[in-house]
Amino acid sequence: MYNTDAQTALAFLISQLAHIESQVNEIVYPDIQYQALIPVDTGAGEFAQTVTYYTSDKFGKAEWLNLNADDIPLAGTEHSEHSVPIFDGGIGFAYSLKELGLARHLGIDLTADRAAAARRAYEEMVDGVAMLGDATKGFQGLINNTGITPVPAPTGDWGGTGVTADEILADVHAAILDVATATNFTSVADTLLLPFDKLNVLATTRLPDTSMTILEFLRQNNTYTAMTGAQLVIRGVRGLDTAGLAGVARMVAYRRDPQVLKLHIPKVHTFGAPYMQGPLRVQVPGTFSLGGLDIRRPAEIKYVDGI
């Protein structure tokens, strides 16, 4: 009797699983941050143990030449190898035989709630690794990477007594321009991340003698837009209110491009085949692999502390 019940329950769950997965895949979690802020690379394949890539740097300078000389200036390239480790993770869901039997008896479709809870747990973990890192695996995040040296805000204390709108704008423009100057104007920051309370200052403080807020003015008038004609992305991000040195607020300006940074997810969260876990429970495993945030061009990311 038990074997019959278990086989029936497994068959019923398998028949429902495709529908459950399609529902889960349609869910968008608006408070998950990494997807909009960091390019994701899934190209390594689910069985990859490391992601290895090479960077090159050119050297050489053309000079005036005496045609009777034999010391021609030479150009060349230097190559460096980098590796990113990949780790496996998992989160699944389960039903009891009684729950499956009752649903089948009543002709009720299983809901996607438990699968959605598993997917949500996966997204939260990836978001935490992408934004804050994970010390147990040696990962660092977008807003607290020790490879990027923070600088103090020229003015800072946005929203404080005596801090003007012009000073706040100057802090922002300095951060964007610093990325350009650090790369000899071959790159410019296109994304600005702020603590939510500082974003609120921009959104609610009116520029003197205008009807525009600082945020409205900034979207239309900033170094990136002036140089490219494209719109600057400005987002509030959790954790930035204390991400700076000594726990102060931090602003992050960077170019959102796979050449600058990417998050390696060789295998996105995927549900496997249901199986019996003990005599009265059916489990659906969920597995994924994650390589953490890979910052390839730290010069194109700027931390400004004390805003």
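**Entry 1**

Which residue in β17 is the bridge partner of Leu 261? I looked it up, and in β17 the partner is Ile 295.

Before going on, I note that this is a predicted model, where local features need pLDDT of at least 70, side-chain atom pairs count only at pLDDT 80 or more, and totals for chains, interfaces and linings use all residues. Residues are numbered from 1 along each chain as its sequence is written, and side-chain values use heavy atoms, with hydrogens and water left out.

My strands and helices are DSSP runs numbered from the N terminus (strands are E, at least two residues; helices are H or I, at least four). I call two strands paired if DSSP finds at least two bridges between them.

β12 and strand β17 (residues 292-295) run antiparallel and are joined by four bridges. β1 also joins β12, this time in parallel, through two bridges. There I found Val 40 with Leu 263 of β12 as its bridge partner.

I then checked burial, with buried meaning under 20% relative accessible area, exposed over 50%, and partly exposed in between (1.4 Å probe, protein chains only). Strand β12 (residues 261-264) is covered on both faces: Leu 261 and Leu 263 are buried on one side, Lys 262 and His 264 on the other. A friendly reminder to myself: in a regular strand the side chains alternate between the two faces of the sheet.

**Entry 2: the five-stranded sheet**

Next I traced an open sheet of five strands with mixed pairing, in the order β8-β18-β11-β9-β10. β8 (151-152) and β10 (233-236) are at the edges with a single partner strand each, so one side of each has no neighbour in the sheet.

Strand β9 (residues 191-194) pairs with strand β11 (residues 250-254) in the antiparallel sense, over three bridges. Leu 192 stands opposite Ala 253 in β11.

Helix α5 (residues 165-182) packs on this sheet and touches β9, β11 and β18 (301-305), where contact means heavy atoms within 4.5 Å. The direction of α5 makes about 40° with that of β11; axes are lines fitted to C-alpha atoms, for helices over the stretch in contact, and angles run from 0 to 180 degrees between N-to-C directions. Helix α6 (residues 196-204) lies across β9 and β10, at about 125° to β10.

I stopped at Arg 250, which lies in strand β11 and counts as buried at 4% relative accessibility. Its side chain makes a polar contact with the side chain of Asp 305 at 2.7 Å. Such a contact is a pair of N or O atoms within 3.5 Å; within protein, one must be able to donate a hydrogen and the other to accept it, and residues adjacent in sequence count only if both atoms are side-chain atoms.

**Entry 3: salt bridges**

How many salt bridges does a search of the whole structure find? I got 12, taking a side-chain nitrogen of Lys or Arg within 4 Å of a carboxyl oxygen of Asp or Glu.

Glu 46 and Lys 267 meet in one, at 3.9 Å from N to O. Glu 46 lies in the loop between β1 (40-41) and β2 (50-59) and Lys 267 in strand β13 (residues 267-271), so the pair ties together parts 221 residues apart in sequence.

Glu 124 and Arg 120 meet at 2.7 Å, N to O. These two are four residues apart in helix α4 (residues 113-132), about one helical turn.

Arg 296 forms a salt bridge with Asp 294, with the closest N and O atoms 2.9 Å apart. Arg 296 is partly exposed at 24%, whereas Asp 294 is buried at 5%.

I close with a network of salt bridges that links Arg 255, Asp 257, Arg 297 and Glu 300.
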